[in-house]
Amino acid sequence: MSGLRVYSTSVTGSREIKSQQSEVTRILDGKRIQYQLVDISQDNALRDEMRALAGNPKATPPQIVNGDQYCGVWAQGGGGGCIVRGLL
């Protein structure tokens with residue numbers, strides 16, 4: 001796969017995940033960076049793919065991948081924020 005992908009979910013009871021997903025897409029939209037939104041709630045295989053690319057079997061959305069290179073995660077603590085390597 002090529003291009004920037006943001007793994008997210010449309011089905012979550014977590015306000016934190018929804019907020020983090022919104023923040024990531026707001027930043028990318030604001031910088032006019034094109035990306036594909038991948039909804040992992042549509043298929044368990046997509047969730048497994050996201051976790052394999054992130055190298056974390058318990059990873060939750062949002063996760064950012066450029067091609068097959070994992071490049072971002074939502075950072076917890078310390079004020080939080082989006083960490084994106086090799087993109088911005």
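**Entry 1: salt bridges**

I began with Asp 48, which forms a salt bridge with Arg 47, their closest N and O atoms being 3.4 Å apart. For my own record, a salt bridge here is a side-chain nitrogen of Lys or Arg within 4 Å of a carboxyl oxygen of Asp or Glu. A note on the source: this is a predicted model, where local features need pLDDT of at least 70, side-chain atom pairs count only at pLDDT 80 or more, and totals for chains, interfaces and linings use all residues. Residues are numbered from 1 along each chain as its sequence is written, and side-chain values use heavy atoms, with hydrogens and water left out.

Next I looked up how open this pair is. Asp 48 counts as partly exposed because its relative accessibility is 42%, and Arg 47 is partly exposed at 27%. The cut-offs are under 20% relative accessible area for buried, over 50% for exposed, and partly exposed in between (1.4 Å probe, protein chains only).

How many salt bridges does the structure hold? I found 2. One of them joins Arg 26 to Glu 23, with the closest N and O atoms 2.7 Å apart. Both residues lie in helix H1, 3 residues apart, about one turn of the helix. Glu 23 is partly exposed, at 28% relative accessibility.

**Entry 2: Gln 21**

I stayed in helix H1, residues 15–30, where Gln 21 is found. Helices (H or I, at least four residues) and strands (E, at least two) are DSSP runs, numbered from the N terminus. Is Gln 21 buried or exposed? Gln 21 is buried, since its relative accessible area is 8%. Leaving out residues up to four places away in sequence, Gln 21 touches Ser 8, Thr 9, Pro 61 and Pro 62; contact means heavy atoms within 4.5 Å.

**Entry 3: nonpolar cores**

Then I turned to the nonpolar cores, meaning sets of buried Ala, Val, Leu, Ile, Met, Phe, Trp, Tyr and Cys residues joined through side-chain atoms within 4.5 Å. The largest has 8 residues: Tyr 7, Val 38, Ile 40, Met 50, Ala 54, Ala 59, Val 65 and Tyr 70. Apart from that core lies another, of 6 residues, including Leu 4, Val 24, Ile 64 and Cys 71. Back in the largest core, I checked Ala 54, which touches Ala 59, Gln 63 and Tyr 70, not counting residues up to four places away in sequence.

**Entry 4: Val 11**

Last, I looked up Val 11, in the loop between strand E1 (4–8) and H1. Val 11 is exposed, with a relative accessible area of 62%.
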